[in-house]
Amino acid sequence: MVKHQPLQVYEKQVFVSFVTGIYGCRWKRYQRSQDDSSRWECTWFIILCSSFLLLLFWAYFWSVAQNDFNEFNLSVYNRSGVWKDETIPLLASTTVGFSYITFLLILALFHISLGQQLNLYWVHKIGVLATLLTTISGVITVDDIWRDEWDILFVSLQATAPFLHIGALATVTAVSWLVAGYVIRRERSNFQIMVLLVYALVLVALYLAPLTFNCPCVMDRHSLKPRPDIIGRRGAPMLAPEHTLVSFNRALQHGASSLEADVTISVDGVPFLMRDRTLRRTTDVSKIFPARQLDDASLFNWTEIRSLNAGQWFLESDPYWTVETLTARERSRIGNQTVCSLTEMLRLASRANVSALLNIRKPLPEHPRSRNWFMDTLWAVQKSGISQKRVRTVTWTPDTDRGRVRGLQQAANEKLSLEEIRQRGITSLTLHYSKASHGDIQEYLANNVSVTVYPVNEPWLYSILWCSGVPSVSSDAPQVLRKVPYPIWLMSQNAYNFIWISSDLLSLIIVIGIFCFQNYHMIRWRMSGMQNYNPEQIMLSAVSHRTSRDVNIMKEKLILSELNNGLSSTEELSLYPENGYARYSHGGPSR
């Protein structure tokens, strides 16, 4: 009886099987290959990288756009007529898509580092295309309905640029291992030189990128201005229905130093608080006056407006996912809220000894009070008993009306030159955060023009405006900003320069070390005479060159067949590791 010994013992490669199995459904050893990837698979790798970069941009956009989620939902409502939180499905799909693409990209990079041929499974190809097309459609949709929001990307870089720089530096430094392996371990070609040149240019650009950063929080901590005052924009609309007395009370409880409201004039001359053009979203007008639910809010009289419920919609729709935090007593109080008049809000501000910021919407030309709306507003201010010095008015148009409202502080909600500010008699500006640059803020404050920035709902935005010296911000979330006792991060210029230069030097040392390490091992490999040897590429009776995948299939099938059935005593298979060939010999192994 002839005892046969295994011709070759395979070392288990669990990790390689895991990587190639999930990425390309190549779980068996003979299915894998170390040949160069085809152009088609390289194209799919480029598509995968492009999808990752696009999703990285998309995920970053939504992470900083949380500051304006309320504005986004309002934009969708104005188009669809249905109020719901549209950000939840967007965030969920973005998280799933980004995680999926990132996982595939990591597997692809492992393929490259392990020398395995790229072969993306067809199911993943469909998934990558679906994710890419969905993201592109999302970008187009946002550009259509929310185009101004792209500005937040540039504003956010004032807070995130130093950290993004370190993250990008670490990523590009790690990629040097793959670049070095590709450039050093292959025959020289023009494409390799181009890859090396592009990598070097990207690295140099990253090293010098901090020269372009403009971060207000890179400053001497002794130069930090006092904490900006927080204005309750429509009260605290995340905790209670906007423009109701409960909402304004909640804002005051969370440290608001001023209250902001949108004022509309009723058909009988009563100023009341309403943000939307109609009453549909924040009242039950569709039940009480179904035939008039699309009418302009200013075309209702005060008796009709007062009969509407302005709190039940908040409990039913739960627009900010905060209803569960309310007690039974708070829910009962909210459910009984009515539309708030300007006089009621100003009386509350007077009792709390805080100021008020009014955004007044001028009635339509056909409105009965179109010529007397400013007198109606002044009468409400006087009736409330609040000091006129504590009331700031915005959007009094045209400018000829400003002279009629003597005694009130007047503000503008647009960016103006200092000369225009003096000519119009404006004492303060209320600017969107995208329009308030650090230089403009400093110029206005130096000329005694107060600046209020809106909407500020996230701590990172509040922090950079604090470092910029803004005296006050208008917020939908005073309960969030109240928990920010100090800017999120603050460092001196010298400290940041040290971190920047140290990071660059460390990265450069690591990159040079990786290239030297790869080159050293390549020299040792060549000097050992193994440049043509690859234990995975054993040729079975090779007369002509075969791909390593064909060889692996033939080799493994033959070995399994012989182990199961046995060889005759006169036939054995011998291996020649010195030249990488395996041959049959009769009558014993041939050497």
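This dialogue walks through a few features of a predicted model.

Trainee: Which strands pair with β1, and in what sense?

Mentor: Strand pairing is read from the bridges that join two strands. Here β1 is joined to β9 (residues 472–475) by four bridges, and the two run parallel. On another side of the pairing list is β2 (residues 258–265), which pairs with β1 over three bridges, also in the parallel sense.

Trainee: Which residues stand opposite Ile231 and Gly232?

Mentor: Ile231 has Ser474 of β9 opposite, while Gly232 has Leu259 of β2 opposite.

Trainee: Why is β1 described as largely enclosed?

Mentor: A residue is called buried when its relative accessible area is under 20%. Four of the five residues of β1 are buried, so the rest of the structure largely encloses the strand.

Trainee: How many aromatic pairs does the structure hold?

Mentor: The structure holds 23 aromatic pairs. One of them is Phe57 with Trp150: the ring centres are 6.0 Å apart and the planes meet at 25°, so this pair is stacked, the cut-off being under 30 degrees. Phe57 is in helix α2 (residues 39–64) and Trp150 is in the loop between α5 (122–145) and α6 (151–184), so the pair links parts of the chain 93 residues apart. Phe57 is partly exposed, with a relative accessible area of 33%, whereas Trp150 is buried at 16%.

Trainee: How is the pair of Phe72 and Trp146 arranged?

Mentor: That pair is tilted, with 4.8 Å from centre to centre and 50° between the planes. Phe72 is in helix α3 (residues 69–80) and Trp146 is in the loop between α5 and α6, so parts 74 residues apart in sequence are tied together. Both Phe72 and Trp146 are buried.

Trainee: Which residues form one aromatic cluster?

Mentor: The cluster consists of Phe57, Trp58, Phe61, Trp62, Phe69, Phe72, Trp146 and Trp150.

Trainee: Where does Arg292 lie relative to the rings of Phe289 and Phe300?

Mentor: A charge over a ring is judged by its distance from the ring centre and its angle to the ring normal. The charged end of Arg292 sits over the ring of Phe289, 5.7 Å from the centre. Arg292 also lies over the face of Phe300, at 4.0 Å from that ring centre.

How values were computed
Residues numbered from 1 in each chain as written. Predicted model: local features only at pLDDT ≥ 70, side-chain atom pairs only at ≥ 80, totals over all residues. Heavy atoms only, no water. Buried < 20%, exposed > 50% of the residue type's maximum accessible area, 1.4 Å probe, protein only. Phe/Tyr/Trp six-rings, centres within 6.5 Å; stacked < 30°, edge-to-face > 60°. Lys NZ or Arg CZ within 6 Å of the ring centre and 35° of its normal.
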